[in-house]
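Biologist: I would like to learn how to read a model like this one. Please show it to me, and we can go through it together.

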Amino acid sequence: MREEQSILQSMKDEEEADKIKPFGYDLFLSSTQASANFSPATDVPVPDNYVLGPGDTIMIQLFGKQNQSHSLVIDRHGKIQFPDIGPVNVSGLTFAKARELIDEEVNRKLLGQRTYITMGELRTIRVFIAGDAIYPGSYTVNSLTTASQALFLAGGIKEMGSLRNIEVKRAGKLVASFDLYDLLLRGDATGDVPLQTGDVVFIPALGPTARVEGSVRRPAIYELKHSESIGDLLDMAGGILPGSYPKASVIERVDEEFVKTAINIDISSSEQRSKKAKDGDRLLVRRGTTLVENSVTLVGAVARPGIYQWQPGMRVQDILSTFNRDLLPASDPRYAIIIREEYIGSDFELEGFKLAEAILNPDGKHNRVLQANDKVMVFNLRDELVDRRELARYFVSISREQSDIDVARLEIAQRGKTEQALLLEQQQQLNQQSIGGVAVVSSAVQNSEEEDSLEEDLRLQALLNLFTNERLIALSANLKRDELLTPVIAKLESQANYQHPVKLVGVVGEVNYPGIYPLVSHGKVEDLLLLAGGLKESAFMMKAELTRTETQNGASIEHHAINLNQVMGGDLAANIALSSKDRLNVLTQPNWQENPTIELRGEFNFPGVYSLRKGESLSEVIERAGGFTEYAYPYGAVFTRDFLKRQEELEIQRIIDRLRKEVANRTLSQQGAFASAADSQLMLAELEKAQSVGRLVIDLEKIAQATPNYDLPTEAGDMLYIPPQRDTIAVMGEVQHPTSHRHDGELSIEQYLKLSGGLSQRADKSRIYVVRADGSVLLPKTSFWFGGKHTLNAGDTIIVPLKTDYKDGLTLWSQVTNIIYNSAVALAALNIL
């Protein structure tokens, strides 16, 4: 199991490694958005050290004796033409110096006037972006534009360009070198200098790089500068994550012989961190184990499942001290288990103990001493009462996550396929839907089965990781007994070999949860019974059978009789020790029945539900119900039995399956005519709605008289309905007007059919039959139609089937129509319709 987890983790690490990108390049927008949307700000305050030049506008407001405003543009000679003062040379001055100069000139030449000076519209400058920019070239910008802002206009930097050595050249000389990492990692923009006309922003090729992966905050490919160390590289990556294991870090490096080597490094050591990083290095910071050392994991039906600190001498009662505070009302206090590993990854050893005794008797043997990394598992008393809604939502969420991953992988795979390959794949899928003209499982059904299988695999994988999955540990109170034991049984199976037989035993029969269970240390029969949820009320306590396989001198089977009364009573001799692959069969008490009852409905003097004794006859139950009322019509009685109902359901399902295959076969066939899809689907829909009744034809009048050859023993779930007196004859099927008629003993079948308008065009005259009120069937002979008549009784139903030729000779039509009509008759007799 741990090997599988390691493989899965390695696959996950590889997927994450493929996603790692060079750091910093996503600072810039896409090239189209950059040039369209980015514009350096023009309404920001102008700093005092801003150098004035031709094209800048200075706004001057005079107030005092006179109030005047002037907007003065610096000309090509660097001067402004100030009214009443004359030209003032300000080019090359900072804004602060120019403001002082203008203020002095006004004070000297315009007495009694004061000034307020601001910058107006700024001049534009022409700069060049060269090197590895997305869109290198010449750009016109305002005079406040900095080097980084110019890069936005150029669409950003290519991934082959350097982020750490951006050069600003003026008149052929290097005036600034800008490191974007200072801005991105430290917020330092001091190297981002303002540009002047004619400046060139040059982006050289990418310098040395190193890759940082694994358990760090910001995995990426980083550019190296100067003599940066491994520690500097980790700082760029934001440091290591909690839960990492820095001592097991590794650097992959290409040496002087151009051979890739692995170097172990402890990045928690300052000495190791100070080592120089080299071009092409790949630093992998490994994750720590998900297991928590020196802990005890509590799972199952407890109030607070989770991980607890282990201390020497710790016992079960230290984490489960009281019933009310630490256990759930649904917890099974009779038995719990401890799963123990000598060391991580070693074989499981299991100890069983009686939970109630551990809590109530702190000094007793069941208050077991716990060891580091033990897992304590508590079961629910009744799995069927567990609220599993939150657990279901969790499994749905992991299924959706897997679906998202599968969709993404499929999209990637599809991108690499040509259009011709996709068409070929689709054709193969269509061909697989039929073999030799016969329909096989449809793609929709296959997809559904695959999805169900995937969900089951995901659920199983989650259960196998129960002890390390924090979310599942928190929800473990909602897990059933077999689900809690899934990782335990899987581990016991994997650790078995020819020297150490698998430590599993089985129990069947009258226990609450039959199945396969782990064999606890020194486990005995009582331990297995308690693990299986205890004995049922129906268990035969005088004898159970233990089957054991002996393999010392060749495999042989032995059977041992076990007295469960003695076992549960504390008899040490009867409570024998179990061995690997033992199988305990708990027998059922002779003549045991789970409250068998029969329901009597209709015209009984005392209708209701009656309990049965084994072998009690139907006539005896009728006598207990006081017999029939004076209005009863015993000939029309309906007797149903659960066993027959289940048989009918199986038969209906068999017919449905055959019908689907025949419809599909005829639909796919290219020979001759075939039934329409609409008719076929309608027929299937009608058949699927047909309800099984499980009716048994009986002669109730003779049964009531306890006639031996007609009376029958009752069974659990039987139902007998006695209708009131009937005086109608029903006509169903392919007649002009299906309805019921008043019973007249002088009328024949043909006359009743005429009363219903006669046969329709679709009727099959040769297969007309009568369902008697008692459930038997009358098949009229053709010779009787015009020369004789059949005697019909009140409550009988005449059925006129559909002619099979009308549906293109579909062979199952006759069976289908009979099922539908007979079901309708039986349900009508029970007053359900």
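Biologist: Leaving aside its neighbours within four places in sequence, which residues is Gly288 in contact with?

Modeller: Contact means heavy atoms within 4.5 Å. On that basis Gly288 touches Gly243, Ser244 and Tyr245, its neighbours within four places in sequence left aside. A note on sources: this is a predicted model, where local features need pLDDT of at least 70, side-chain atom pairs count only at pLDDT 80 or more, and totals for chains, interfaces and linings use all residues. Residues are numbered from 1 along each chain as its sequence is written, and side-chain values use heavy atoms, with hydrogens and water left out.

Biologist: Where is the place of Gly288?

Modeller: Gly288 is in the loop between β15 (281–285) and β16 (295–300). Strands (E, at least two residues) and helices (H or I, at least four) are DSSP runs, numbered from the N terminus.

Biologist: Why does Gly288 count as partly exposed?

Modeller: Buried means under 20% relative accessible area, exposed over 50%, partly exposed in between (1.4 Å probe, protein chains only). Gly288 counts as partly exposed because its relative accessibility is 24%.

Biologist: How do strands of a sheet pair?

Modeller: They pair through backbone hydrogen bonds, either parallel or antiparallel. Here, two strands pair if DSSP finds at least two bridges between them.

Biologist: Over how many bridges do β1 and β5 pair?

Modeller: Strand β1 (residues 57–64) pairs with β5 over seven bridges, in the antiparallel sense. Leu62 stands opposite Thr115 in β5.
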